[in-house]
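Please look over the chain shown here before reading the notes, which are arranged by topic.

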Amino acid sequence: MTAHRIRLRGTTALAVGAVALLVLAAGTAAATAATVTAATAPRIATAGFPAGGTNPGIFTDTCDRASRAPNDPIMMPGMTGMSMQHDFFGNRAVTASSTAASLRGGTTTCTTTADASAYWTPVVYQNGSPLTPSRTLLYWRSPASTASTTTAMPSGISLIAGDETATAPQSTSVVDWTCSINRNDPRPKRADAPHDCPAGSQLRLVITFPDCWDGHTLDGRQRGGAVYETDAGCPSSHPIHIPQIVLHVSYPTSSGSGITLSTGPNTHGPPVTGHADFVDGWDQQRMAADTVACVTAQVRCGPVRGADAVPLGGKARA
């Protein structure tokens, strides 16, 4: 690293700072983390928005399906066509070689252009035919008990939720099969396997991401970088609270029969392997602003829209 010297009131100052010290001491990942947590977010007006109360502070982002391909930029980087089939949401130009840096500033299917992230799930099949997701909703939230210490999602991070190698049903706190909400079923049941839904509603897969970060691991392939908060909070090994992503993907069927998930480029199997992946492509200032105004402040900001990811207010609904 080259140190640039600047003049400050007649004194020569070494413009390295805390971030550069971290680079020297612990590498680029730690420097990025320090920059993120120290960033000052622009102010967002939330006057009149509902308070979180016993519910989490939250903002939401809706991202249509952007592509389908047998690629996985986290687990199989650069290995084009060799992964299981995935449905990608958000960034329109995801490849097997995509990184957070290559995604940021790209075009997106999300409701805010500030979010050029890539999100993906295995393709869901019914009786052997792939289902095209009808709607994908993302929650960004934090429980009231830890909201005051929640910081913006670290720039450049990637995360994985769920287990693509599972051989038994996973916890519904991570992988939840449910139904879309309608008047006849305002509180749809949660289950660890696909099940039938009432007429007029759709089968929905809900994936919840970890929300405690170790402060330096940005690569989601190293799964130990982020873990789930417990009743005791975040563990000392992962002390940084980050917004929890909850991904809701709805499919155009009300039947849970014959559901399988992709397991390879041309294979699929039982639905116990539900999982989701995320590579950050957010404009960091916009992410920080919404985190401070909505998640940390425990305000239910509802959907965010536009280049500045401005919250629209109101109670977030699935």
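Predicted model: local features only at pLDDT ≥ 70, side-chain atom pairs only at ≥ 80, totals over all residues.

Of the 318 residues of the chain, 52% count as buried.

**Overall chain**
- Among contacts in the chain with a separation of 6 or more, 71% are between residues 24 or more positions apart.
- The accessible surface of the chain is about 14100 Å², and carbon and sulfur atoms account for 53% of this area.

**Strand pairing around β20**
- Strand β20, residues 300-305, runs parallel to strand β3, residues 57-62, and three bridges join the two; within this pairing, proline 303 of β20 is the bridge partner of threonine 60.
- β20 is also joined by two bridges to strand β21, residues 310-311, in an antiparallel arrangement, where arginine 305 stands opposite valine 310.
- Four residues lie between the strands in the hairpin of β20 and β21, and in this hairpin glycine 306 has a positive phi near 75 degrees.

**Nonpolar cores**
- The largest nonpolar core holds 49 residues, of which Phe59, Tyr119, Trp140, Met153, Phe209 and Phe278 touch the most other members.
- Helix α4, residues 284-296, gives the most to this core, contributing six residues.
- Once its neighbours within four places in sequence are left aside, phenylalanine 59 has contacts that include Trp140, Trp282, Met287 and Val295, as well as Cys301, Gly302 and Val304.

Definitions and conventions: Residues numbered from 1 in each chain as written. Heavy atoms only, no water. Buried < 20%, exposed > 50% of the residue type's maximum accessible area, 1.4 Å probe, protein only. Contact = heavy atoms within 4.5 Å. Areas by Shrake-Rupley, 256 points an atom, 1.4 Å probe, with all protein chains shown as cover. Pairing = 2+ DSSP bridges. Core = buried A, V, L, I, M, F, W, Y, C linked by side-chain atoms within 4.5 Å.
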